Amino acid sequence: MIYDTLLIIFISVCTALLAEGLTWILVYRTEKYQKLKAEVERQSRRLEKSRETSGGDMAGRANKKKLERQEERLKTNNRDLSLVKMKSMMVIGFTFTALLGMLNTIFDGRIVAKLPFEPIPWIQGLSHRNLPGTDYTDCSFIFLYILSTMSIRQNIQKLLGLAPSRAVNKLGGGFLSAPPELGKK
C-alpha cells in the first residue's frame, strides 16, 4: 500500500511537471502572453497606486470615472490573458483525461492509502471509488491522485515563477470571474 501511495505521488509530480512544460511551450514563452502579462502587471500596480492616493475619499466624480476605466482595462486584459492560456488548458485537459483513464484501470479496485478520517458522504463516492467493502477510510487511486495533483501543481507553478502575481490575484478580473456590474452609479 505504501508503494502505491508513493507511486501515485510520484506520478502526480511528473504529470504536474509535464503540464507546466506543455504550458510553457504553448503559452508562457509566446510574445503575446509576455506582452499581456506585462500590461496586466503594469495596470494592476497603477490601479493600486490610484486607489491609495485617492484613499477612502471618492468625492471627485472624475476620479471615480478614471478608476472605473482603469478597472475595465485591467479586466479586459485579464480576460485576454485567460483566453491565451485556454488552448494550452484544452490540450492538457485532453491529455490528462486519457492518462487518468489508463491509470484508473491499473489501480482499479486497489486500496492505495488509508485515510485518517472518514470523508463526508458526498465525497465518499470519490474517495472509495471501486473499492470492495464498506470501510470508508480506505482511499482509492482517483481521490489520492486528484488531491496530490492539485496541491503539487500549484507549488510547482510558484517554484518555477509561473503563478500569477498577488496583485493580479487580489484585483481579480479573470476570464471566469463575475461580470462587471452594469449601470453602477
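Analyst: Of the 185 residues in the chain, 33% count as buried. The model is a predicted one. Its secondary structure comes to 6 helices and 2 strands. Read from the N terminus, the elements follow the order α-α-α-β-α-β-α-α.

Rolling a probe the size of a water molecule over the atoms shows where empty space is left. In this model the count is 1 cavity of 30 Å³ or more. The space in the largest cavity is about 60 Å³.

Which residues line the largest cavity? The lining is made up of Asn104, Phe107, Asp108, Gly109, Arg110, Arg129, Asn130, Leu131, Ser140, Phe141 and Ile142. By type, these lining residues divide into 4 nonpolar, 4 polar and 3 charged.

Phe107 sits in the loop between helix 3 and strand 1. Its relative accessible area is 3%, so Phe107 is buried; the cut-off for that word is under 20%. Phe107 and Phe141 are 34 residues apart along the chain, and 6.1 Å separates their C-alpha atoms. Helix 5, which covers residues 141-160, begins with Phe141.

Asn130 has a positive phi of about 60°, although it is not a glycine. Is Asn130 buried, partly exposed or exposed? Asn130 counts as partly exposed because its relative accessible area is 46%, and that label covers values between 20% and 50%.

Strand 1 is residues 113-114 and strand 2 is residues 138-139. What joins Lys114 and Asp138? Their side chains meet in a salt bridge, with 2.8 Å from N to O. Side chains of opposite charge can pair when their charged atoms come close. The two partners do not have the same label for exposure: Lys114 counts as partly exposed because its relative accessibility is 45%, whereas Asp138 counts as buried because its value is 8%. Salt bridges with shared partners join Lys114, Asp135 and Asp138 into one network.

Pro119 is found in the loop between strand 1 and helix 4. At 5% relative accessibility, Pro119 counts as buried. Pro119 and Asp138 are 19 residues apart in sequence, and their C-alpha atoms are 10.0 Å apart in space.

A look at the rest of the chain gives some context. The count of salt bridges comes to 6. One of them is formed by Arg153 and Glu20, whose closest N and O atoms are 2.8 Å apart. That pair also links distant parts of the chain: Arg153 is in helix 5 and Glu20 is in helix 1 (residues 2-28), 133 residues apart. Both Arg153 and Glu20 are buried.

The salt bridge between Glu31 and Lys35 has its closest N and O atoms 3.1 Å apart. Both residues lie in helix 2 (residues 31-54), at a spacing of 4 residues, or about one turn of the helix. Glu31 and Lys35 are both exposed.

Helix 3 (residues 61-106) includes Met90. Leu83, Met86, Met90 and Phe94 form a nonpolar patch on the surface, with about 410 Å² of accessible area together. Met90 counts as partly exposed because its relative accessibility is 47%. Leu67 has its place in helix 3 too, but Leu67 is buried, with a relative accessible area of 7%.

Conventions: Residues numbered from 1 in each chain as written. Predicted model: local features only at pLDDT ≥ 70, side-chain atom pairs only at ≥ 80, totals over all residues. Heavy atoms only, no water. Patch = residues over 30% accessible without salt bridge, like charges linked within 9 Å, V, L, I, M, F, W, Y side chains within 5 Å. Areas by Shrake-Rupley, 256 points an atom, 1.4 Å probe, with all protein chains shown as cover. Salt bridge = Lys/Arg side-chain N within 4 Å of Asp/Glu carboxyl O. Buried < 20%, exposed > 50% of the residue type's maximum accessible area, 1.4 Å probe, protein only. 1 Å grid on protein atoms, 1.4 Å probe; cavity = no way out; pocket = protein on both sides within 12 Å on 5 of 7 lines; lining within 4 Å. Points joined across faces, edges and corners; volume = space filled by probe spheres on them. Nonpolar A, V, L, I, M, F, W, Y, C, P; charged D, E, K, R; others polar.
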